[in-house]
Amino acid sequence: MFNRMKFVIAACALLVAGSVFAQPKVAVLNLERAILGTDAAKARLSTLERSADYVDNVAQAEKLDKEIKAIVENAQKNAAVMSSEQKQAEQQKAALKQSDLKHVVKKIQALQQNVARQIMAEQQQRARKAVNDLVKSEKLDLLLDSGVAVYAAPAYDVTTKVTKLLNAK
């Protein structure tokens, strides 16, 4: 009877010890970063950056930025000799240029976001397969979107692994 009790206690101890050491395998993933980090996505974004519309908008933004800086610099340099009407006119001119700059920057961002959305839509199925392959090969028990994790050590991030899988296919 006493031997049987020792056996039951030993078996329970082994079960408890096994469950303590069997930690679930967890990882985090930023799927958007994984997809947009692929060679194909970078090439598409590079093509956008060389497009006439994009280049024109960037040039216009740079020109407006220089004009705003020149207006501000001129107003600061000549503030002592400018009338209040002149100061107000310079401020209005700078504000109009700033408004134009914001509009151009929004156009540039819209172009970038449009291409990024297209890439995400086109690569969604391939990415899903790459994620499933990674979950199987890494024997993951839980894969979280990095956006929902309050904190994850870099060792838990599998984003670059998914990018490499997508580049390989």
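This is a predicted model: local features need pLDDT of at least 70, side-chain atom pairs count only at pLDDT 80 or more; totals for chains, interfaces and linings use all residues.
I kept to local features with pLDDT of at least 70 and side-chain atom pairs at pLDDT 80 or more, while totals for chains, interfaces and linings use all residues. Residues are numbered from 1 along each chain as its sequence is written, and side-chain values use heavy atoms, with hydrogens and water left out.

**Salt bridges.** I searched the whole structure and found nine salt bridges, each a side-chain nitrogen of Lys or Arg within 4 Å of a carboxyl oxygen of Asp or Glu. I looked up E122 and R44, whose closest N and O atoms are 2.7 Å apart; E122 lies in helix α5 (residues 84-138) and R44 in helix α3, so this pair ties together parts 78 residues apart in sequence. Helices here are DSSP runs of H or I with at least four residues, numbered from the N terminus. E122 is partly exposed at 49% relative accessibility, as is R44 at 30%, where buried means under 20% relative accessible area, exposed over 50% and partly exposed in between (1.4 Å probe, protein chains only).

I then turned to K161, which forms a salt bridge with E138 at 3.3 Å between the closest N and O atoms; K161 sits in helix α6 (residues 159-168) and E138 in helix α5, 23 residues apart. I also noted that K25, E138 and K161 are linked in a network of salt bridges.

Methods
Helices (H or I, at least four residues) and strands (E, at least two) are DSSP runs, numbered from the N terminus.
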